[in-house]
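Biologist: I'd like to learn how to read a model like this one. Could you walk me through it, feature by feature?

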Amino acid sequence: MARPKKQLPPPKDHQLSIRFTEELFDVLVNDAAAAGMPWAEYIRQLITNHYPVVKQQIVFDSTKLLQVFRDLDHYGANLSQIARYLNQGGSMTSSMWKEIKDCVAEIYEIRNVVREMTAEYRGSH
């Protein structure tokens, strides 16, 4: 069975010229960059009423928050080790049960800390 040929998009034969002020062009270029596409394609999408999706990325630049995520990783790893041990036929001891409860409690505490810290970034209190 032959491999299907790649279909190329139709060529763009027609040219349209439009003039922008410097400020409006900067807005256009910034919006196109936020949508992750060249500004010419961004304009094509706008003209054809296909509004481009602008993906907003929230970046947390906080050492405290990064430490919280590291701690969360640590407790998740402990729970994974315990689950693996129990799934392989290991027996549950009272110390293991206590460690599980401690890990879950720490995860809930970390969840509350993350909620408080992310609320600061969103501007809500």
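Predicted model: local features only at pLDDT ≥ 70, side-chain atom pairs only at ≥ 80, totals over all residues.

Biologist: Is Phe20 buried, partly exposed or exposed?

Modeller: Buried means under 20% relative accessible area, exposed over 50%, and partly exposed in between (1.4 Å probe, protein chains only). With a relative accessible area of 33%, Phe20 is partly exposed. Across the 125 residues of the protein chain, 15% count as buried.

Biologist: Which residues make the nonpolar surface patch?

Modeller: Patches take residues with over 30% relative accessible area and no salt bridge, joining like charges within 9 Å and nonpolar side chains (Val, Leu, Ile, Met, Phe, Trp, Tyr) within 5 Å. Areas come from the Shrake-Rupley method with a 1.4 Å probe, and for residues only the protein chains shown count as cover. Here Ile18, Phe20, Leu24 and Val27 make a nonpolar patch of about 360 Å².

Biologist: How many salt bridges does a search of the whole structure find?

Modeller: Side chains of opposite charge can pair when their charged atoms come close. The cut-off is a side-chain nitrogen of Lys or Arg within 4 Å of a carboxyl oxygen of Asp or Glu. The search finds two. One joins Arg44 and Glu41 at 3.1 Å, N to O; both lie in helix α2, three residues apart, about one turn of the helix. Arg44 is partly exposed at 36% relative accessibility, and Glu41 is partly exposed at 27%. Asp102 and Lys98 also meet in a salt bridge, at 3.1 Å, N to O. They are separated by about one helical turn because they are four residues apart in helix α4 (residues 94-122).

Biologist: Which residues lie nearest the centre of the largest pocket?

Modeller: Rolling a probe the size of a water molecule over the atoms shows where empty space is left. On a 1 Å grid over the protein atoms alone, a pocket is an open set of points with protein on both sides within 12 Å along at least five of seven lines, and lining residues have an atom within 4 Å of a point. Of the 13 lining residues, Gln15, Leu16, Ala40, Ile43 and Arg44 lie nearest the centre. Helix α2 (residues 39-47) gives the most to that lining, with five residues.

Notes
Residues numbered from 1 in each chain as written. Heavy atoms only, no water. 1 Å grid on protein atoms, 1.4 Å probe; cavity = no way out; pocket = protein on both sides within 12 Å on 5 of 7 lines; lining within 4 Å. Helix = DSSP H or I, 4+ residues; strand = E, 2+ residues; numbered from the N terminus.
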